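Please look over the structure shown here before reading the report below.

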Amino acid sequence: MADLGAACLWMGLALAAYSFFASAAGQLRGAPALVDSGRKASYVLVVALLVSTLSLVESFIARDFSLKYVAEHSNLAMPNIYTWVAFYAGNEGSLLYIAFALSAMSALAIWLAPASTRPTLAWTTAILMLIEVFFLAVMGFMANPFAKLPFPVPDGQGINPLLTHFGMFFHPPALMAGLVSISIPMAFSLGSLIGGKGGDEWIDAGRAWGVGIWALLAAGLLLGSWWAYTILGWGGFWFWDPVENAAFMPWIALTAFVHSIMVQKRRGMFRMWNIVLIDVAFGLALYGMFMNRGGPVPSVHSFGASTLGWVFLLFLAFGVAVPLAIFFWRYDRMRSAQRLDSMLSREAAFLVNNLLLLGIAFATLWGTVYPLLSRLFAEQEITVARPFYDQVNGPLMLALVLLMGVGPLLPWRRANLQSLQRALLMPGSAAVATMLLLVVMGIRQPYAVIGFGLCALVSASIVGEWVRGTLARRRSAGDSPVVGFVRLIMANRPRYGGYVVHLAVVMVALGVVGQSFYGVQRDVALMPGESVTVGAYTMEYVDTTALAFVDRTEFRTTVEVYRDGELLTVMHPQRTFHPAFNMASTRAAIRSTPVEDFYVVPSENREDGAVGFRILVNPLVWWMWVAGPVMIFGTVIALWPARATVRRPVSVASPAAGAAD
Amino acid sequence: MPLVLAIAVALLIVGVVAWPLLVRRRHPAAEQAAHDAPPADVGSLESVYEAIRTLQMEHSLGRISDADFREQLHEYRRQAAVILRDADRKAGEARDE
Amino acid sequence: MVMASASSVAAQSGGAAGSYDEAEAQAIDRMLMCPVCPAQTIDQTEVALAKQMRAQVRELLASGATRDEALAWFAAPERYGPGVLAEPPRSGFNLIAWIVPGVVVVAALAGGLLTLRAMRRRSDGGDSAAPADEINELQPYLAAVDRDLALDTDTERSDG
């Protein structure tokens, strides 16, 4: 079956190349049949790559160790369920996954393209297919997942033990698919520019895909944090690893984009700015893929170190230069239609939000490239890691949360200063009250006090908006509170869906601030029967059973956790040694409550029977994981299509026109 | 077996891709219509109505002063009316041809 | 239950005599890179060298070193060099690392707000009153708009 997969890969490359040429040539020469054929080629590309993907899956399940990729990333002992993970455990499979995901989403985007984008859809298709050609050519010529070993081996090397975790079933595919599909909104904007439109034609498609991809990346990042929290065994969830940053930066740029696109949608402003933003997000996504596939910076994510680096670097340069060139070529066609009414308006707030977000993206990028600069110009080996990003991005993020509390209270066009002050009264007092309460309770860390105060500000301003809106509906339409609330949200989905997402962001902020400033850590070695007290908890180490498997030894530990002298829970953290990889993987045991997590992970098993434990009490981390579903829910509301309430203009006006005659 | 499947996929691909080139379009007009830019959402009647609804909501929340509200409402109503008139004129021209 | 005393904890994690602030030691752990691991600080890994360095941090603190002194000890050229620090030093050439992000953000905000002001000034001009005959011509369409918007709220009310 591997031969079938390889054949389909080559057919896919031919198809993508054909689709590119047919779409571009058809558009240039005004040949609709050719354009149509190019578009259909992009649809059948999905079929070819699906067959290719399935045949690699089949090779994994059959443990076909004549394939180099299968032999390197699986073995006979691996349960079949991990085929899903093994598939993208290395470069070759990841590339196949990325190519397939991009083809499927591109086909969907082209198929569902709104009418306003249709005149330039051929250009959009051509751009997406050019990106496909790149991935398929890299696979075909440099990293073929169907490459064979000179002779089959009896058993494979097995899967990287760090990957055998539930979080890994979704985190890498969500991030890879999310990063690559930033191409889609970019292709809509660029296609529209090449076709000489450069106005508002692309923004509905751009916004829908932008918001969807934003949520996909956010979910991927959250799941990655959850994976790190439960498996990396040091008790945190985010440490500004170069590859984390690589996925974080495009997501931040996309966050700016999904806000600023609303200004164009509602007011016809920021046309050029939106194109710049989506190109920046695309460039950062390419940078992220470059870092992940053989970048120069060491990272825990360097699973597939390889020689692909320079190809991706070239692709990155190309992907930044071409949109830039087209942007300047079409510069004069993008003048914004509307003018700004007031500096105190939602439009202006969105711009400040954009600049702060880009500031975070820039500071993060600066941190990842600074070691290179320092090596070149000062001949010094300098590291830029966690403390730098915390200190530089922390204040910017606090400023963003502040803006999240004030921005929603500003109307479009021109705010009335007095009514703004009135609107801020309630959220502002909630924030001040929260901060005072915290200080009285003994919380003195300025960052934490301000952070929690701002969380209160945002929550109060959102809830206040909902209450006022519902009351206003009751006054105007006589709706009951529940009906009024639902109708309020349905009447302006992008806005109120966005508020739900904002609440999810507040939840994440709670977890981050709580863990960063009030997490308690204790490293201790215990003999069976010994116990240790951390915060309000006392943990007794009961025993460890060692279970030997063919490829690993599992040390299953039992601990009892007491609070106030009462047995709270019995927990089973685990540590597994994998001789083939000469590494240990851990699985933390976590008792999670909305107030705090009790987290324990065994860090070593000593000869004398003692076990080293890392124990943490992490406040409010629970809220981070709950934020995920809330955020998805908010995104669904924001993207839910509005029902067309307006009749066709002509039929509306006809009787009136008759009367005017 | 893989060979048969590979040939099947190849035939499917060639068939789907070649079809539009071989079959003459029965509706060239429809194809042409797709090339005439339909109005973008921004600046359409629907988006102006949306702006008016948002304006009414923001006014009812007391975020916009009465003077601003009247001025902006007037402006949006005029925009909507111009869109309706233009659509009407276009329809009239189409009838006359 | 046998309580593991604080001193035995200290003994297991470093064997240092004297007392030190464990929270301070953990803070320092988070500011030192593990030289043999990819992009991890010494609190994040159980590699032998990282354990040794953690013990060293506690030893230094117990012998009365401050945070800065402990960090400088590790960053000395004859030991691990400045690359062991998780953030660039705030002196000399490396000040650039700290200053540039702040300067860029402030410049971007200033530039953005100036652009907005320019957009605002441009808009002060236009918007002259429409000629009277256009207003007359638009009248029936304005009525249609008002009907439409009223009609719209009506449908919303009836289908709930």
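This is a predicted model: local features need pLDDT of at least 70, side-chain atom pairs count only at pLDDT 80 or more; totals for chains, interfaces and linings use all residues.

Buried residues account for 30% of the 97 residues in chain B.

Where chain C meets chain B, seven residues of chain C are in contact with nine residues of chain B. The side of chain C that touches chain B consists of six nonpolar residues, no polar residues and one charged residue.

## Nonpolar cores

The largest nonpolar core holds 222 residues, and those touching the most other members are A:Ala48, A:Ala99, A:Leu217, A:Ala253, A:Leu254, A:Ala281 and C:Leu32. Helix α9 (residues 203–231) of chain A gives the most to this core, contributing 20 residues.

Leaving aside residues up to four places away in sequence, C:Leu32 touches C:Thr41, C:Ile42, C:Met53, C:Phe74, C:Val84, C:Leu85 and C:Ala86. A second, separate core has 20 residues, among them A:Val532, A:Tyr537, A:Met539 and A:Phe613.

## Helix α15 of chain A

Helix α15 (residues 417–440) of chain A has 24 residues, which at 1.5 Å a residue should span 34 Å, and this agrees with the 33 Å between its end C-alpha atoms.

The buried residues in α15(A) include A:Ala423, A:Pro427, A:Ala430, A:Ala431 and A:Met435, and the elements covering the buried residues of α15(A) include α14 (386–406) and α16 (446–477) of chain A. After α15(A) comes A:Gly442, which has a positive phi, near 100°.

Conventions:
Residues are numbered from 1 along each chain as its sequence is written. Chains are lettered from A and ligands numbered from 1 in the order in which they are written. A residue is buried if 20 or more other C-beta atoms lie within 10 Å of its own, exposed if 12 or fewer, and partly exposed in between; C-beta atoms are placed from the backbone. Two residues are in contact if their C-beta atoms, placed from the backbone, lie within 7 Å. Ala, Val, Leu, Ile, Met, Phe, Trp, Tyr, Cys and Pro count as nonpolar, Asp, Glu, Lys and Arg as charged, and the others, Gly among them, as polar. A nonpolar core is a set of buried Ala, Val, Leu, Ile, Met, Phe, Trp, Tyr and Cys residues joined through C-beta atoms within 7 Å. Helices (H or I, at least four residues) and strands (E, at least two) are DSSP runs, numbered from the N terminus. The expected span of a helix is 1.5 Å times one less than its number of residues.
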